[in-house]
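Could you walk me through this model, one spot at a time?

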Amino acid sequence: MNILQSTRQYEGWLASHTSVVKADLAYKHAQMKRAIFPFMRATFYRWVQLWNDHCNEIAVAPGVLGVGDLHVENFGTWRDAEGRLIWGVNDFDEACELPYTNDLVRLTTSVHLAIRDQHLKVRRREAAALILEGYAQTLSHGGRPFVLDEEHQFLRNIAHAELRDPVHFWGSMRKLPKFKGSLSKDQLAALELLLPQPATPFYVVARRAGLGSLGRVRLVAITSWRGGLVAREIKAFLPSAWNLQRSLYPEILAKAVRMPDPFVRIAGKWVVRRLAPDCSRIELTSLPKKRDEAHLLHAMGSETANIHLGTHEAVKAIRRDLDRRPASWLHDAAKRMSKALIEDWKTFEEHS
């Protein structure tokens, strides 16, 4: 099966499970053609097939409750129940049971491709070593959430970048197109679930965001509440492309070593969450010009370990497995996957 057939098959499956926003799907295809990094982000369904073809020797590894679609733009910030600013993985749409090696290879591959697209300046081999070092250290220490109060200055600098400014954020939200359809009962209930009480009138807009989830319905309720705007988003909740059977989103939220976002819920067929300037994904284009890429990649490896530590019974086996692998295994695997993805991208760009 090639990338064109794989895309048609996945999108056929998508349409059989949920309503598809065709304009967003067309936009997704355009972004997939634009560059290799967005192509990778948009095609986790293809990654699953390439993984089996190119990573057999590392696919036999201890299993964990993993992120699945892990990449360098799958990290962001949110506020915990104490109001503290937290940094970490902020999207678990593809959460599933997989070899621990998969999340690490996908994260490192995304770094390789981000370097290729000139979003990062670190050397590829160094990037793999930093991610693996952060992962192994945090795994050994039992995990630690990234609370951006007294520590992690470099992450605070990223979190407070210009594009996450409240004026810019709410200006962008006001420009979103009004939703013209009729809300179903379950959509309305999901939108109202996490809105502040007492309730105030709200309006609903359609939002286009992400890449892998483009094509799914994504709606946002916006209201003015006690002096300022608040927003709640719902996004169609589907099984992971890893197995097309189920998503383990709720399980990974409950078990990982992290400070959870109290405004993330699964409500029937919908993922519900709060949107705010400091509660969103961090894009590579929003990174400050002066940034410590080495610390950032080390932290991404550490946060991956925080997630995998939720499968506590696998930790000893993972550490033994890491000890027996050659030093370059992660770099080598990411290099193979990068090459396969680039070949797919060129085929998609030429023939779709």
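This is a predicted model: local features need pLDDT of at least 70, side-chain atom pairs count only at pLDDT 80 or more; totals for chains, interfaces and linings use all residues.

Residues are numbered from 1 along each chain as its sequence is written, and side-chain values use heavy atoms, with hydrogens and water left out.

Let's start with helix α1 (residues 3-17) and helix α4 (residues 44-54), which pack at an angle of about 125 degrees with their axes 9 Å apart. Helices here are DSSP runs of H or I with at least four residues, strands are runs of E with at least two, and both are numbered from the N terminus. The axes are lines fitted to C-alpha atoms, for helices over the stretch in contact, and the angles run from 0 to 180 degrees between N-to-C directions. That angle makes α1 oblique to α4; under 35 degrees would count as roughly parallel, over 145 as roughly antiparallel, 65 to 115 as roughly perpendicular, and the rest is oblique. On the α1 side, the contact is made by Ile3, Ser6, Thr7, Gln9 and Tyr10, and on the α4 side by Tyr45, Arg46 and Gln49 (contact means heavy atoms within 4.5 Å). Sorted by class, this contact has three nonpolar, four polar and one charged residues. Nonpolar covers Ala, Val, Leu, Ile, Met, Phe, Trp, Tyr, Cys and Pro, charged covers Asp, Glu, Lys and Arg, and the others, Gly among them, are polar.

Now hop over to helix α2 (residues 22-34) and helix α14 (residues 329-351), which also pack at about 125 degrees, with axes 9 Å apart. So α2 and α14 are oblique to each other. Here His29, Met32, Lys33 and Arg34 of α2 meet Trp345, Phe348 and Glu349 of α14, and the contact divides into three nonpolar, one polar and three charged residues.

Next, some single residues. Leu244 sits in the loop between β8 (228-236) and α11 (249-255). It counts as partly exposed because its relative accessibility is 32%; buried means under 20% relative accessible area, exposed over 50%, and partly exposed in between, with a 1.4 Å probe and protein chains only. Not counting residues up to four places away in sequence, Leu244 touches Tyr10, Trp13 and Pro239.

Glu233 lies in strand β8. At 1% relative accessibility, Glu233 counts as buried. Its side chain makes a polar contact with the side chain of Arg218 (3.2 Å). A polar contact is a pair of N or O atoms within 3.5 Å; within protein, one must be able to donate a hydrogen and the other to accept it, and residues adjacent in sequence count only if both atoms are side-chain atoms.

Last stop, the backbone. Most residues other than glycine have a negative phi, and most peptide bonds are trans. The bond from Gln197 to Pro198 is cis, with omega near 0 degrees, and Pro198 is in the loop between α10 (185-193) and β6 (203-206). Gln118, not a glycine, has a positive phi of about 65 degrees, and is exposed, with a relative accessible area of 73%.
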